[in-house]
Amino acid sequence: DYAGQAETLFHLATAHDRQGDEAPALKLYRKAMKLYKILFGRDSLHVAKILNRLANMKGRAGSVDKAMVLFDESLRIRMLHLGNNHEDVAETLFGMGIVFEKRRDYGAAMKAYSDCLRIRSSKFGSDSMEVAQVVVNIGVVRGNKGDFAGALKSWNKALAIYRKHGLSDDDVLVATVLGHKNLANSLIENRGGRNHR
């Protein structure tokens with residue numbers, strides 16, 4: 001059963017990926033993708049899922065150009081099958097936003113995150129953890145562009161969502177946002193601006 005073999009390869013690759021074992025993960029993802037292309041065609045959603053995983057790995061490794069090529073292809077396939085408003089499309093847009101940030105292309109990052117936010121808000125609700133994840137990254141983009149007031153507004157929104165879901169200040173997600181806020185407030189103070197806590 002080739003479909004079962006492809007699925008097993010995919011799950012093994014995912015396990016290696018989560019453990020940070022890049023070489024075996026890449027090899028297994030590629031083997032699974034080869035089988036999926038034979039079974040379902042090169043434009044199948046199975047292929048798009050693997051392309052997304054490979055893009056994330058390349059992005060983490062700093063190969064942002066390769067990551068973007070993989071994300072572009074994954075997005076094309078996902079939109080072909082799922083349309084513009086599916087959570088898998090949002091997942092790809094989120095990954096693309098991260099890669100655009102690494103490239104310092106903040107306009108493109110903001111566009112990808114904004115599109116992702118629109119989808120996630122409609123699918124999961126405006127107070128969902130999925131939305132908070134995007135809002136945090138929008139804040140980072142705003143901060144990188146020097147819009148510290150906008151960044152603080154985004155991070156305050158994310159904190160409100162996290163707290164609504166019962167996360168405390170020592171949770172890693174909350175602590176990360178609080179760290180972002182502290183840095184932005186320090187930068188505002190150093191500029192002689194007003195503090196926006």
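Reply: The side chains of Arg60 and Asp17 meet in a salt bridge, with 2.5 Å from N to O. This pair links distant parts of the chain, since Arg60 belongs to helix H3 and Asp17 to helix H1 (residues 2–19), and 43 residues separate the two. The model is a predicted one.

Arg60 has a relative accessible area of 55%, and because exposed means over 50%, Arg60 counts as exposed. Asp17 has a relative accessibility of 14%; buried means under 20%, so Asp17 counts as buried. Across the chain, buried residues make up 43% of the 197 residues.

The count of salt bridges comes to eight. One of them joins Lys111 to Asp115, where the closest N and O atoms are 2.7 Å apart. Here both residues lie in helix H6 (residues 106–124), four residues apart, or about one turn of the helix. Lys111 is exposed, at 52% relative accessible area. Another salt bridge brings together the side chains of Arg163 and Asp169, at 2.5 Å from N to O. Arg163 is partly exposed at 40% relative accessibility, and Asp169 is partly exposed at 43%. There is also a network: Asp43, Glu73 and Arg76 are joined into one by salt bridges that share partners.

Back to helix H3, which holds Arg60. Helix H3 covers 45–60 and, like helix H5 (87–102), supplies at least two residues of the lining of the largest pocket. That pocket holds about 210 Å³ of space. Its lining has 14 residues, and Asn56, Phe71, Phe94, Gly95 and Ile98 lie nearest the centre. Helix H5 gives the largest share of the lining, six residues. By type, the lining residues divide into five nonpolar, five polar and four charged.

Phe40 sits in helix H2 (residues 22–40), and with a relative accessible area of 44% Phe40 is partly exposed.

As for the overall setting, the chain has nine helices and zero strands. Along the principal axes, its C-alpha trace spans about 65 × 35 × 30 Å.

Conventions. Residues numbered from 1 in each chain as written. Predicted model: local features only at pLDDT ≥ 70, side-chain atom pairs only at ≥ 80, totals over all residues. Heavy atoms only, no water. 1 Å grid on protein atoms, 1.4 Å probe; cavity = no way out; pocket = protein on both sides within 12 Å on 5 of 7 lines; lining within 4 Å. Points joined across faces, edges and corners; volume = space filled by probe spheres on them. Nonpolar A, V, L, I, M, F, W, Y, C, P; charged D, E, K, R; others polar. Buried < 20%, exposed > 50% of the residue type's maximum accessible area, 1.4 Å probe, protein only. Salt bridge = Lys/Arg side-chain N within 4 Å of Asp/Glu carboxyl O.
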